[in-house]
Amino acid sequence: MRGLGDYWPIGLLLGLLLAFYLAPLALFLGFSLFAFMQPGQFGTDLTLENFARVVADTYTLGVFATTLRVGLTVTGLCVLIGYPVAHFIAREEGWQRRVVLLVVTASLFTNLIVRTYGWIVLLTPRGMLNTALIQAGVIEKPLRLMFNETGVVIGLTQIMLPLFILVAAVSISAIPRMLEDAAGIAGAGPVRRFWRVTLPLSLPGIVNGGLLVFVLSVSNFITPDFLGGGRVLMAGSMIYQLVSRTLNYPFAAAVAVTMLSGAALLFLGLWLAQSILRGSRA
Amino acid sequence: MGCLYLIAPTLVVAMASVSPTATMRFPPEGFSLKWYANFFARPEFMTSLRLSGTLAVGVALAATGLAVVLAVTLRRTAPKFGGAMQALVLMPAVLPTIVLGPAVLIFGAQTGIAGGFPGALLLLAGAHVALTLPFAWQAVSTSYATLPPMLEEAAEVAGAGRGRILARLVVPMLVPGIVAALTFCFLVSFDEPVVALFTTRHDMVTLPAQVFTYLRFRADPTIAALSTMMSLISLALMLVADRVVGLDRIMGLTR
């Protein structure tokens with residue numbers, strides 16, 4: 001006998017998400033439709049002026065340009081560096097593979113601030129890397145590796161890498177080996193087999209992993225804050241400052257909505273491109 | 001190469017943590033554990049450590065428990081909701097915390113729930129449960145998928161009630177998945193900096209928030225000592241998860 005009572009775990013889930021997740025999100029993002037008077041005081045009429053400011057304000061546009069540039073660079077680097085590692089995890093055997101998988105998973109579950117701090121120690125003007133390079137006589141003056149976009153990109157790429165590797169590895173490992181073997185029997189060499197079979201079939205994994213990396217990089221504010229030293233302003237840092245310093249919730253919400261819509265558009269575009277690509281092959 | 005890039009900062013931090021000087025020298029001059037001692041001697045770190053530890057244990061238990069009962073319900077009682085519920089559960093893994101942080105802060109202030117310490121902690125814990133649920137779900141549901149539905153049906157035919165089936169059959173069979181889920185949820189909550197930073201109050205500063213503030217003003221190797229300990233904990237817990245369930249299975253890798 002099944003009564004309504006048996007559905008309580010679903011009710012619990014819905015209640016929990018509603019109270020602690022969806023309601024706060026709706027409240028915050030809803031602020032984007034109200035005017036900002038002064039801290040703690042907001043207009044009562046619906047307005048689009050916050051969004052108008054996002055599109056018209058050159059400062060905000062500059063922040064979005066930096067965000068987009070850093071996000072795309074980090075995503076590209078993650079794909080380039082991460083794919084070979086993902087392939088190694090998905091297809092190799094033996095202890096080296098286990099060690100790599102362990103390192104990747106442990107990095108994923110290590111504190112973000114802790115990992116950013118590692119880069120501060122490495123990259124500061126008097127940090128490890130510069131000191132070592134000067135002592136070795138490679139350079140004379142310290143390289144500027146921090147407090148600029150280079151530092152933010154170096155740090156963010158390393159922080160996002162484990163996530164991309166795992167998503168891509170799952171997708172590569174799901175490709176039946178039979179397909180690669182069949183291509184081999186049909187006379188394709190290892191290079192051709194990779195380009196014509198493995199890579200196209202793992203494309204969804206690359207896209208999913210890349211999207212996840214992109215969304216999480218453009219919204220990260222801790223790493224740009226420390227490694228950019230306040231000089232690299234990204235959308236995440238902007239939301240943080242608007243909320244915690246100027247208490248301008250409406251404009252912060254408008255920036256957040258713009259950022260999320262941008263990511264959603266990207267997602268939709270890639271999804272459409274993928275289904276068209278698949279359609280033309282079939 | 002990729003692997004070296006991944007662990008380079010951790011190794012450098014480990015070296016910095018045992019350096020006797022406040023600024024890093026290369027090569028290091030001697031060996032000292034004084035930064036570790038400094039960490040444990042500072043009361044603000046100890047208070048934050050207790051708070052983060054308690055919060056993470058509570059959050060891990062709640063998220064994992066919910067994942068278990070949800071997995072059972074979605075298979076046995078309401079399979080037709082499976083897709084929709086799974087999408088809901090996984091959503092917090094994709095939505096950036098920079099949006100959730102302000103949301104929890106503003107929600108707490110506007111409703112007055114965050115007026116006192118218990119309410120503020122409840123909101124932070126609730127947000128953490130939502131954030132950790134995708135990880136708990138991933139570990140529990142992959143483990144549950146290997147449990148043949150027949151066993152539960154047999155127990156039901158034999159007259160066992162729902163609670164009894166859960167306690168005597170499902171939970172014991174899912175121990176590996178549950179251990180993995182608890183591990184991941186604990187680490188995610190313990191390390192979560194963004195929502196914690198936004199909702200910080202004088203009496204509620206989690207360890208990541210404390211580290212964030214400390215690094216703003218000082219850059220001595222105390223944080224290096226803490227970082228090294230936290231990296232070692234992550235590595236140890238991953239080793240345990242790998243032994244108990246296998247990282248391949250938890251991550252969903254086909255072997």
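Predicted model: local features only at pLDDT ≥ 70, side-chain atom pairs only at ≥ 80, totals over all residues.
Colleague: Is B:Val188 buried or exposed?
Modeller: B:Val188 is found in helix α9 (residues 175–191) of chain B. A residue needs 20 or more other C-beta atoms within 10 Å of its own to pass as buried. B:Val188 has 23 C-beta neighbours inside 10 Å, so this residue counts as buried.

Colleague: Which residues is B:Val188 in contact with, leaving aside its neighbours within four places in sequence?
Modeller: One of them is B:Phe135, which lies 53 residues from B:Val188 in sequence. In space, the two are 8.7 Å apart, C-alpha to C-alpha. With those neighbours left aside, the contacts of B:Val188 are B:Leu131, B:Thr132 and B:Phe135.

Colleague: What share of the 255 residues of chain B count as buried?
Modeller: Among contacts in chain B between residues at least 6 apart in sequence, 77% join residues at least 24 apart. As for burial, the share of the 255 residues is 46%.

Colleague: Which element of chain A gives the most to the side that touches chain B?
Modeller: The contact takes 73 residues from chain A and 65 residues from chain B. On the side of chain A, 14 residues come from the element that gives the most, helix α1 (residues 8–30).

Colleague: How many nonpolar residues has the side of chain A that touches chain B?
Modeller: That side has 14 polar and 4 charged residues. Its nonpolar residues number 55.

Notes:
Residues numbered from 1 in each chain as written. Chains lettered and ligands numbered in written order. Contact = placed C-beta atoms within 7 Å. Helix = DSSP H or I, 4+ residues; strand = E, 2+ residues; numbered from the N terminus. Nonpolar A, V, L, I, M, F, W, Y, C, P; charged D, E, K, R; others polar. Buried ≥ 20, exposed ≤ 12 C-beta atoms within 10 Å, placed from the backbone.
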